[in-house]
Amino acid sequence: VSGAPQPSGRLHPWSWLFHAAGALKELAVPVLAVVVLKRNDDFSALGLAGAAAALACAYGWLRARSFRYEVLAEEILIREGLLMRESRQVPFTRVQSVSERRGLVHRLVGVTELVLESGSGGKPEAVMRVLGPGEASRLAEQLRLHRAARAAGAGEGTGPAAEGPGGATGRPQQVLLTLPTVELVKLGIISNRGLLVVAAGIGVLSQYPDLLDLVPGAEQLAASVYGRLAEAASAGVVRLLPWILGLLAAVFVLVRLLSLGYWIVTQHGFTLTRDGDRLRVQRGLLTRVDVSGRVGAIQRLVLERTLLHRLFSRCTLRVDLPAALVATGHVPRLNRLAPIATAEQAQALIRDCLPGLDLQALAWRRLHPDAAWRRWQRTMLWVMPAVAPAVALAWGLPGLPADAGPVALAAAAALVAGSAWHARLWAASAAYAADQGVVAWRSGVFSKTWVLVPEGRTQVVTLRRSPRDRRAGTATLCADAMTAAGTRALKLPWLAEADAAALNARLWRANVEPLAYNRPVPSPGS
Amino acid sequence: VLWRLHALLLGLAAGATAWLVTWPILVEALGFDGRAGLARSSVAGLGAGVAVSLLLLWRVRVAARVYRWQHRPGEGVVVFKGAWWQREVWIPMTRLQHLDIQRGPLERWLGLATLELYTAGSHEYETRIPGLSPQRAQALRDGLLAELQADGAAVRGERP
């Protein structure tokens, strides 16, 4: 590497702060725990916190100082590292997505964190933590120009060769979707995101139960609620019902409030724009996030309508782009094309991403006639072992209220009958389609989901047959694509065996004859 | 033949593990009443080990008998496996990222090799074809690589 030019560009002078913050995050939980739990022993706790902060600052300063970069015509040179010094060349052609993140502190200081990623998985190609606003926009612009030049070179005949004075593709940026605050409020009511916050809170409390002491009156409240519950329980299970319902309602409201906050903070000012082949999302109240990805690289679109979505006649549209195989910390990525949208907006977006697709005209095919029966059996397989002992205990255990046994039996019977009904409705609505260049799957009774995978995007396809499947003449087809790590792009259960084989043959052909597939009008002769 | 050796070894290993696991449990259950108790429990444990290894042997043999793979020239590789729970894995040539031949110490001793096929997917990105002879694994890999290169050339040639 001695012959290569040495990069001389430096990060923004405030970079040490953000490197230090990153290091401090690693130390935060143990230090915080010690500081909170040893409140009486101020000196050592403060000293520990101070030492951790000083250590992080020193590390951040050294780390930021050692980072050098240089933007050339075709690539970026990077040299970084304290002990292990690493030199890298990142060619612009490798950069698939650029994401910018500006947190509250970033915005106060006036800087941006820039992450360059390739679609191949693994770590990001480069993390520029942090750049001044001028530098960041210069680098982003250079990447854009490079892409535009490459696009013009690749599609000489078709693409407009207009290079406007401002640069870029010549086509204007097109705003596809913006979300006003009213929509975000609806999203907060619809989504269960707050549940994650509650779960995290419970997790922290179970680790450090002493934290509860910090909340005044928490213990008394818990004790009084528990006392009333015990009183009601002794009078019979039926008397307990209003309590259970009230508690559920309280949790429901709390979860909604938390999700409301979450969505407003993360999605405030959501704007989805399209610039040529690129989709770009800008969002965030405190931390501004700017992510983009290629339309041509879309692996999967998922449209969701839960019961609450339907109440507001809204839906959520998610997208899967080639993702890093290794989860890479907190790099934001483009995963929600529309956190909340009306059905018409979502369909317009789908048409934008998969040109020529008409959702209404897809030729849906049903599952095997046995699907309802099979699904019910599968549910019973895990419901019965849980329910049967519970009912037996409710009958037999001494000390329970007298009506416990019959109530438990009635609940179990309702569960069995309800799941049979649910399985029937599910099988009636579940369907797949291999049509118009996509494989589509729709399912769900109360919460409905549509999955769309472009035909040329599938990778390994697996057909599975259990002994039951072979007797019934059914099969399960799973298709893989470059979606988020560990997720399965498509799973079609209980297809008729012939249908599964035909779909597999179709996907195989799309992959084996990629050239024929990519032609705009496939000629049957070739 | 190679497969049976493989199966035998697997069965023996599993049996030994089963014996090691059941033995202390039985010792605990039957009590340490002198040497006789210890001997009784170890014989019982050995019995359990043999039973488990026979069961596994049979299962591996059945699995080995139905295991098939197929190289479709110019198209890709298909693997058929599982006797009761059957799986067909279809790996298109155009999706292959890279190929590995792996030979662990056991496989080297038995003269076997495993070919690993990688795609860029997110769930089933790795497929293994075990129990090949080294020559066969090498030949299959070379064949696939040559086809991959020819494929790439065709793609480059046909683009304007």
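Helices (H or I, at least four residues) and strands (E, at least two) are DSSP runs, numbered from the N terminus. Residues are counted from 1 along each chain as its sequence is written, and chains are lettered from A in the order in which they are written. The model is predicted, with local features needing pLDDT of at least 70 and side-chain atom pairs counting only at pLDDT 80 or more, while totals for chains, interfaces and linings use all residues; side-chain values use heavy atoms, without hydrogens and water.

**Figure 1. Thr112(A) in strand S6 of chain A.**
Thr112(A) belongs to strand S6 (residues 112–117) of chain A. Thr112(A) counts as buried because its relative accessibility is 4% (buried means under 20% relative accessible area, exposed over 50%, partly exposed in between, with a 1.4 Å probe and protein chains only). Leaving aside residues up to four places away in sequence, Thr112(A) touches Glu100(A), Arg101(A), Arg102(A), His106(A), Met128(A), Val130(A), Leu131(A) and Ala136(A). A contact here means heavy atoms within 4.5 Å.

Chain A contains 15 helices and 21 strands. It has 526 residues, of which 40% count as buried. Among contacts in chain A with a separation of 6 or more, 59% join residues 24 or more positions apart.

Strand S1 (residues 68–72) and strand S2 (residues 76–81) of chain B run antiparallel and are joined by five bridges. Two strands pair if DSSP finds at least two bridges between them. Trp69(B) has Val79(B) as its bridge partner in S2(B). Three residues lie between the strands of this hairpin, where Gly74(B) takes a positive phi near 80°.

**Figure 2. Leu110(B) in helix H3 of chain B.**
Leu110(B) is part of helix H3 (residues 105–110) of chain B. With a relative accessible area of 13%, Leu110(B) is buried. Leu110(B) and Ser133(B) are 23 residues apart in sequence, and their C-alpha atoms are 9.4 Å apart in space.

**Figure 3. Confidence in chain B.**
The mean pLDDT (the predictor's confidence in each residue, from 0 to 100) of chain B is 78, and 79% of its residues reach 70 or more. Within chain B, confidence is lowest in helix H1 (residues 2–30), at a mean of 68, and highest in strand S3 (residues 86–92), at 94. Where pLDDT is low, predicted coordinates should not be read in detail. The model scores ipTM 0.80 and pTM 0.76.
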